[in-house]
Amino acid sequence: MAFLHSVDTITLKSGETENLKSALCSAGDKSGTIQTSPTDDNQMVENADTLGSATVPKVPNCGYEGVGEVYAVGSKVNGLSPGDWVIPSPPSSGTWQTYVVKEESVWHKIDKACPMEYAATITVNPLTALRMLEDFVNLNSGDSVVQNGATSIVGQCVIQLARLRGISTINIIRDRAGSDEAREQLKALGADEVFSESQLNVKNVKSLLGNLPEPALGFNCVGGNAASLVLKYLREGGTMVTYGGMSRRPITVSTTSFIFKDLALRGFWLQSWLSMGKVKECREMIDYLLGLARDGKLKYETELVPFDEFPVALDKALGKLGRQPKQVITF
C-alpha cells in the first residue's frame, strides 16, 4: 500500500486553478478532517490486489465522509461562502483530499458550533443507527431493542438514540480483553443491560431480561453465533436487521424461529437508502444528529490523527492494535 502515499495531493497549474474557482455552481472545499471506515479499507484492498499484475493500479478514491472549510466559490454560488463548514451530503467518495471542487448541490453547510470530529463522522454510523430505529418496527417508549456489536459507533449511537426515546437496550459484546471496561463505558452511555457472548451460553437467555420487555427489534452487525443470540432474545413476531458481518460467518436460523416465533430477517444498507432521492431528509437528520452532538447528548470516542501518521491510524481502524477510538484524520 505504499503507493497510496505518493499521490496524496494533486497540484494544478495556476491558470487551471483559476478556471476551477470560477466555474459555475462549484465550490472549493479545503478539507479539514476525514475518518477511516471499512468501506475505505475495502477499496484499498481491492486496488492493492492489482499490484504486480499487468493491470495498472488505480489510486483508491477513498473517503466517504468528512468535513471541510470552503476555500472559494463560483460566481453563481449563493448558499455558501468562504469560511463555511460543509460536508458532502449525501456522502460521496473522495474526501481523502486536501482540496475538492464540486457543485454547490453536493455540499451541506453545517453549524460551526459542532465539534469538528463529529461533523466528520456523523453521516454514516449515527445516521445508520437512527434509520434502523425508525424504519423497521414502530417502537414506543417502554419498548426494548437488542443488538450485538454494541461497542461499535453504530452500537453506541443506538444506545443513546434509544434512550432519548425511552427505549431500553440489551447489548451483546465480544469476549476479549477489556470487556469489563467496555461494559462500564456502554452503561455510562445509557445501556440497560450489557452481556458478553459467553454470559449468554444459558438455556434461556430471556431469563436475564429482568423487568425489561422482550425486544421487538434486534440489530446484527457480526453474524455467526452473535446473530443467533440476537434472535434468541426477540419476542414473537420480532425483526432482526442485519447491517454488517464483521465475523464473516453466516447467519443460521432454526426452522422453529420462523414457524413458532414468526421472526423476520431484514437488511439495511445506508447507501441504498440514500440512493432513493432522500437528500432533504438526509440533511434534516444530519442537522438533528449534529445538534445532539453539540449539546452533549450523542457521544462517541474519536482520536484526531495527522495525515502523516496515517499508517498507524489505519492499523487502529482495522483493529490490529486492540480496541481504539474512531480514527479521524486531519489535513
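Helices are DSSP runs of H or I with at least four residues, strands are runs of E with at least two, and both are numbered from the N terminus. The views below show a predicted model.

**View 1. Helix α10 and the residues that follow.** Helix α10 covers residues 279-294, 16 residues in total. From its first C-alpha to its last it reaches 22 Å, close to the 22 Å expected at 1.5 Å a residue. Just after α10, G296 adopts a positive phi of about 80°.

**View 2. The buried residues of α10 and their packing partners.** C282, R283, M285, I286, L289, L290, G291, L292 and A293 are the buried residues of α10. In an α-helix, residues three or four places apart point the same way, because there are 3.6 residues a turn. The helices against which the buried residues of α10 pack include α3 (116-119), α4 (125-135), α5 (153-164) and α9 (270-274). Strands β3 (85-88) and β5 (107-109) also pack against these buried residues.

**View 3. The largest nonpolar core.** This core has 47 residues, of which I122, M132, L217, F219 and L289 touch the most other members. Two or more residues of the core come from each of β3, α3, α4, α5, β9 (217-220), α9 and α10. The element that gives the most is α10, with 7 residues. When neighbours within four places in sequence are left aside, L289 is in contact with I122, P126, L127, L130, L161 and L298. Another core, of 16 residues, lies apart from the largest one, and V205, L212, Y233 and L234 are among its members.

**View 4. V70 in strand β2.** Strand β2 spans residues 66-73 and includes V70. The relative accessible area of V70 is 3%, so V70 counts as buried. V70 and W85 stand 15 residues apart in sequence, and their C-alpha atoms are 6.4 Å apart in space.

View 5. The loop between β10 (239-242) and α8 (255-259) contains R248. Although R248 is not a glycine, its phi is positive, at about 60°. R248 counts as exposed because its relative accessibility is 77%.

View 6. D262 is placed in the loop between α8 and β11 (264-267). D262 is not a glycine, yet it has a positive phi of about 55°. With a relative accessible area of 52%, D262 is exposed.

How values were computed
Residues are numbered from 1 along each chain as its sequence is written. This is a predicted model: local features need pLDDT of at least 70, side-chain atom pairs count only at pLDDT 80 or more; totals for chains, interfaces and linings use all residues. Side-chain values use heavy atoms; hydrogens and water are left out. The expected span of a helix is 1.5 Å times one less than its number of residues. Buried means under 20% relative accessible area, exposed over 50%, partly exposed in between (1.4 Å probe, protein chains only). Contact means heavy atoms within 4.5 Å. A nonpolar core is a set of buried Ala, Val, Leu, Ile, Met, Phe, Trp, Tyr and Cys residues joined through side-chain atoms within 4.5 Å.
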